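Subject: Handover of a structure and notes on its features

Dear colleague,

Please find below the structure that I am handing over to you. I would be grateful if you could look through it alongside the notes that come after it.

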Amino acid sequence: SAVISQKPSRDICQRGTSLTIQCQVDSQVTMMFWYRQQPGQSLTLIATANQGSEATYESGFVIDKFPISRPNLTFSTLTVSNMSPEDSSIYLCSANRQILHNEQFFGPGTRLTVL
Amino acid sequence: GQNIDQPTEMTATEGAIVQINCTYQTSGFNGLFWYQQHAGEAPTFLSYNVLDGLEEKGRFSSFLSRSKGYSYLLLKELQMKDSASYLCAVTPGGGNKLTFGTGTQLKVEL
């Protein structure tokens with residue numbers, strides 16, 4: 001499987017500020033995704049990061065709040081804008097390669113705390 | 001809509017066998033995944049089923065019945081390190097994105 005890294009691994013931010021999370025895959029992948037995992041909860045898909053075009057957002061998530069970039073096949077960023085304490089969560093990047101089957105693998109996550 | 005159900009918690013004994021069930025109702029189906037997630041870590045891939053039947057991989061096996069919207073993950077010869085959250089996820093038809101269940105927290109005891 002490819003290796004995914006995320007930066008930062010954790011951060012503590014003030015209300016009203018923005019944070020950009022970076023995701024780097026060590027090989028080219030077909031699809032990249034951003035998920036959120038709130039404390040004690042399962043994963044919720046925020047959006048699909050599309051290379052060279054606007055991301056595809058899931059219901060309840062909007063571009064103004066979570067702008068996403070994917071300038072090439074190995075890199076994506078997620079920005080959490082105008083943060084509030086409700087945005088405190090773990091944000092995970094994942095990538096998909098279809099070889100034998102449609103396997104999706106995850107980065108280590110970014111633990112965000114908003115004060 | 002999408003609905004994926006799993007038991008919230010399970011407890012089992014070291015060396016025993018445990019079965020974690022998952023039922024799903026989704027608008028399409030393109031495969032079912034099981035992931036393991038230890039506290040504070042990212043989910044790691046365990047298994048993938050797209051056809052009915054049992055897939056065996058070492059101590060772990062996963063079963064799928066598409067007609068029943070049902071899957072289970074079977075863990076044999078349980079070890080303490082198997083204590084983790086187990087996530088069932090479905091790929092609805094038409095895309096590769098995953099819809100996750102609520103996750104099952106498994107505790108393995110001596």
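The notes below describe the fold of chain A, then the cysteines, and lastly some features of the backbone.

Please keep in mind throughout that this is a predicted model.

Overall form of chain A

Chain A contains 11 strands and zero helices. Read from the N terminus, its elements therefore follow the order β-β-β-β-β-β-β-β-β-β-β. The C-alpha trace spans about 45 × 30 × 25 Å along its principal axes.

Of the 115 residues in chain A, 51% count as buried. Among the contacts in chain A with a separation of 6 or more, 55% are between residues 24 or more positions apart. The accessible surface of the chain comes to about 5500 Å², and carbon and sulfur atoms account for 49% of it. As for charge, chain A carries 8 positive and 8 negative side chains, and the centres of these two sets lie 6 Å apart.

Cysteines

How many disulfides are there over all chains? The count comes to two.

One disulfide is formed by A:C23 and A:C93, with their sulfur atoms 1.9 Å apart. A:C23 lies in strand β3 (residues 19-25) of chain A and A:C93 in strand β9 (residues 89-98), so the bond ties together parts that are 70 residues apart in sequence. The torsion about this S-S bond is about -65°, which means that the disulfide is left-handed. A:C23 is buried, with a relative accessible area of 0%, and A:C93 is buried, also with a value of 0%.

In chain B, a disulfide joins B:C22 to B:C88, with a distance of 2.0 Å from S to S. B:C22 belongs to strand β3 (residues 18-25) of chain B and B:C88 to strand β9 (residues 84-90), so this pair ties together parts that are 66 residues apart in sequence. The torsion about the S-S bond is about -65°, so this disulfide is left-handed. B:C22 is buried, at a relative accessible area of 0%, and B:C88 is buried, at 0%.

A:C13 is buried, with a relative accessible area of 8%.

Features of the backbone

A cis peptide bond joins A:K7 and A:P8, with omega about -5°. A:P8 is found in the loop between β1 (4-7) and β2 (10-13) of chain A.

A:N82 is a residue other than glycine with a positive phi, near 45°. Its place is in the loop between β8 (75-80) and β9 of chain A. Is A:N82 buried or exposed? A:N82 is exposed, because its relative accessible area is 56% and the cut-off for exposed is over 50%.

In chain B, B:E77 is a residue other than glycine with a positive phi, near 45°. B:E77 is found in the loop between β8 (70-75) and β9 of chain B. The relative accessible area of B:E77 is 53%, so this residue is exposed.

Yours sincerely,

A colleague

Notes. Residues numbered from 1 in each chain as written. Chains lettered and ligands numbered in written order. Predicted model: local features only at pLDDT ≥ 70, side-chain atom pairs only at ≥ 80, totals over all residues. Heavy atoms only, no water. Helix = DSSP H or I, 4+ residues; strand = E, 2+ residues; numbered from the N terminus. Buried < 20%, exposed > 50% of the residue type's maximum accessible area, 1.4 Å probe, protein only. Contact = heavy atoms within 4.5 Å. Areas by Shrake-Rupley, 256 points an atom, 1.4 Å probe, with all protein chains shown as cover. Lys, Arg positive; Asp, Glu negative; His and termini not counted. Charge placed at Lys NZ, Arg CZ, Asp CG, Glu CD. Disulfide = S-S within 2.5 Å.
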